[in-house]
Amino acid sequence: MKKILTLLILPIMFISLVPVSVSADTNAGVGPNSFFYFFDTTFEKVGLFFTFAYEKKAQTALVYPDERLAEAEESANSNKPKDVEKAMEGYEKKISLATEKSKELKDEEREEELLNTISENTSKHQEVLESVLEKVSD
């Protein structure tokens, strides 16, 4: 029983300790049309669920929009509009979550820093989003 519990907890711990990075050049990994996409997004949700501090949750939530954006771009290149839509929904949810958790911080200075980071990230993503929109006009 301990081994099973350990095997379940280790991936969760790993996910919650992933460093925050900002890049539109992120590898898409598993795409929305893959059978394993469910597992990919579920591990993200579990990792966020077990991240209790608002600031850490906001920072962790900022990692995932880069991946969703890369998935949307890859899906647009493959002319898969439904996959683009699915990836963009995930992108918007994670940006919203990061914004929401940033606003829940009691330290106004840290809140402002995180909101500025979110704003900078979305500004950087605009170029990629415009490219995706051009490829998939729906």
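User: Where is Glu-112 found?

Analyst: Glu-112 is found in helix α6, which covers residues 108–135. Keep in mind that this is a predicted model.

User: What elements make up the protein?

Analyst: The protein has 6 helices and 0 strands. From the N terminus on, the order reads α-α-α-α-α-α.

User: Why is Gly-90 called buried?

Analyst: Buried means under 20% relative accessible area. Gly-90 has 17%, so Gly-90 is buried. Gly-90 is found in helix α5, residues 81–103. The C-alpha atoms of Gly-90 and Ala-72 are 9.8 Å apart, and the two residues are 18 apart along the chain.

User: How much of the protein counts as buried?

Analyst: Of its 138 residues, 38% count as buried. The accessible surface of the protein is about 8,900 Å², and 58% of that belongs to carbon and sulfur atoms.

User: Why is Asp-40 called buried?

Analyst: The cut-off is under 20%. Asp-40 has a relative accessible area of 19%, so Asp-40 counts as buried. Asp-40 is found in helix α2. Leaving out residues up to four places away in sequence, Asp-40 touches Val-30, Glu-67, Arg-68 and Glu-71.

User: What makes Asp-40 and Arg-68 a salt bridge?

Analyst: A side-chain nitrogen of Lys or Arg must lie within 4 Å of a carboxyl oxygen of Asp or Glu. The closest N and O atoms of Asp-40 and Arg-68 are 3.3 Å apart, so the pair is a salt bridge. Asp-40 lies in helix α2 and Arg-68 in helix α4, so the pair ties together parts that are 28 residues apart in sequence. Side chains of opposite charge can pair when their charged atoms come close.

User: How do you know that Glu-71 forms a salt bridge with Arg-68?

Analyst: Their closest N and O atoms are 2.7 Å apart. The limit is 4 Å, so Glu-71 and Arg-68 form a salt bridge. Both residues lie in helix α4, 3 residues apart, which is about one helical turn. Glu-71 is buried at 1% relative accessibility. Arg-68 is buried too, with a relative accessible area of 1%.

User: Which residues are linked in a network of salt bridges?

Analyst: The network links Asp-40, Glu-44, Glu-67, Arg-68 and Glu-71. The count for the protein comes to 8 salt bridges.

User: Why are Arg-110 and Glu-113 called partly exposed?

Analyst: Partly exposed lies between buried, under 20%, and exposed, over 50%. Arg-110 has 22%, so Arg-110 is partly exposed. Glu-113 has 34%, so Glu-113 is partly exposed as well. Arg-110 and Glu-113 also form a salt bridge, with closest N and O atoms 2.2 Å apart. They are 3 residues apart in helix α6, about one helical turn.

User: What makes the nonpolar surface patch?

Analyst: Phe-35, Phe-36, Phe-38, Phe-39 and Phe-43 make a patch of about 590 Å². Phe-43 is found in helix α2, residues 37–49. Patch residues need over 30% relative accessible area.

Methods
Residues numbered from 1 in each chain as written. Predicted model: local features only at pLDDT ≥ 70, side-chain atom pairs only at ≥ 80, totals over all residues. Heavy atoms only, no water. Patch = residues over 30% accessible without salt bridge, like charges linked within 9 Å, V, L, I, M, F, W, Y side chains within 5 Å. Areas by Shrake-Rupley, 256 points an atom, 1.4 Å probe, with all protein chains shown as cover. Helix = DSSP H or I, 4+ residues; strand = E, 2+ residues; numbered from the N terminus. Buried < 20%, exposed > 50% of the residue type's maximum accessible area, 1.4 Å probe, protein only. Contact = heavy atoms within 4.5 Å.
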